[in-house]
Amino acid sequence: MIKIYNTLSKNKETFKPIKEGQVNMYVCGMTVYDLCHIGHARVMVIFDMVSRWFNVSGFRVNYVRNITDIDDKIIGRAIENKESIQNLTQRYIHEMNIDAEVLGVIKPSKEPKATEHIKDMISLIQTLIEKKYAYVANNGDVFYSVRAFHQYGKLSGKSIDDLRAGERVDIDQNKLDELDFVLWKSAKPNEPSWDSPWSKGRPGWHIECSAMSSHYLGHHFDIHGGGQDLQFPHHENEIAQSEAAYDCKMANYWMHNGFVRVDDEKMSKSLGNFFTIRTVLDKFDAEVVRFFMLRAHYRSPLNYSDSHLDDARLALQRLYISLRGIEINNVDIDWQHPLAHKFREAMDDDFNTPEAISVLFELANEINKNKSELLATLLKGLAKTLGLLERDSELFLKGDKKISLNIDEMILKRHEAKINKNFKEADRIRTLLLEAGVVLEDTAQGTIWRKE
RNA sequence: GGCGCGAUAGCAAAAUGGUUAUGCAGCGGCCUGCAAAGCCGUAGACGCCAGUUCGAUUCUGGCUCGCGCCUCCA
């Protein structure tokens, strides 16, 4: 039985699917006008892990992660770059896919784009207008009437009267109530637009997720996820739109992953303290980045720094070293094994990956002692459920970094020096290699090497 | 002003009303020509003050500090 911390109830709850054996999950994805940063990577990796675990647990997973390909920032960036919006968004969707793949993120079942569902959004807005949850302003904008939806605030725990409208963003003068949010924006000159009953314009930010989730997963589905910063207003507004329009609960479980931080501050575009996935991958192996993310609980904040990544690198190295030289033909998991059981218990408890990973280290310790092929198989199998240790350990340990020295030749020379008891020469060669980032290990089977 | 989250050893990070988390780093040993890797051992922790309890890092209250949200955000 899988337990999930539900933001809606602020409690861990036992997961019960709407349809037996099936999980319908919607996750808010990226707005594509720039390269993804580490915060985006965390969302992708975390929900990939969640989706994998449901799969391992025997569920069919229908995982939808949307792509926002029309919004103010995209329009702004396209103008700045003097390129078409399509050109811009296509390019960054491509870049995002590259990042996701390197990080071992399995493609969601569906990745719908907002611009492909404008019709769905228009009809949803129409329904909301008919049901008096939305109104058309004089300028052709359509707004959601927040006070009409009595449960507004149930997800984020906010009370309408306590909200400070306009605290950080200017209030639109066309709104009847300052808390109302826009469903449809009439287009300004030269802006991309679609025809609608109210004005030539484009959708507001929140409506796409209500429209697309219901289109692919139905009005009522199992899990809705995203970054913690989407809890309010985005997810709150999604609930207001969907539940008002369809008269049923939108999602049973709401999952929010914690922020990535830099120097104890949230990493964000507006603060400018972000690192793109690309820059991080210049310095660290993608699997190290993935491991780093899974080593913390998904709801906890995750402090990003080079030294933390380095720490993760060494830890992951330990796991790969334990698998070195052991032939593994399959990755079947013997769930009867006590450590496999412990792993499962940890994962079932709100996806406690730090605890699950600690089990991997217990296995590594045993394997180092007895070189057990059985345990190595188990280690690889369990790690695979997290998308880890999927490479050949030699490939990981040697790395793909080009080294100009002829390592094999130098090892041979050092071997000869050792035979002649010329340890000074042997050590000189070893130091030379070490300076190039190559560590030698003398084993009973001969000298082997790995990158530092 | 409202709402919420957090504080665990040098660093990172879990669990737990009593008993080894785990990883990196440290210390002692084994192994090694010396290392590396590995193994064995070892040290080091629960922000502060009360309360509940036989017993609190864990539960409750208060305090301090940090972080987040209050219509840009993963």
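What follows is a short chat about a predicted model.

Q: What does chain A average in pLDDT?
A: Chain A averages a pLDDT of 94, and 98% of the residues score at least 70; pLDDT is the predictor's confidence in each residue, from 0 to 100. In this predicted model, local features need pLDDT of at least 70, side-chain atom pairs count only at pLDDT 80 or more, and totals for chains, interfaces and linings use all residues. Residues are numbered from 1 along each chain as its sequence is written, chains are lettered from A and ligands numbered from 1 in the order written, and side-chain values use heavy atoms, without hydrogens and water.

Q: Where is lysine 175?
A: In the loop between β6 (142-144) and β7 (181-186). Strands here are DSSP runs of E, at least two residues, numbered from the N terminus.

Q: Which residues does lysine 175 touch?
A: Tyr135, Phe143 and Asp180, leaving out residues up to four places away in sequence. A contact means heavy atoms within 4.5 Å.

Q: What does the side chain reach at aspartate 180?
A: The side chain of lysine 175 comes to 2.7 Å from the backbone oxygen of aspartate 180.

Q: Switching topic, how is chain A divided?
A: Into domain 1 (3-257), domain 2 (262-397) and domain 3 (401-451), with bounds from an automatic or database domain assignment. The centres of domain 1 and domain 3, taken over C-alpha atoms, are 56 Å apart.

Methods
Helices (H or I, at least four residues) and strands (E, at least two) are DSSP runs, numbered from the N terminus. A polar contact is a pair of N or O atoms within 3.5 Å; within protein, one must be able to donate a hydrogen and the other to accept it, and residues adjacent in sequence count only if both atoms are side-chain atoms.
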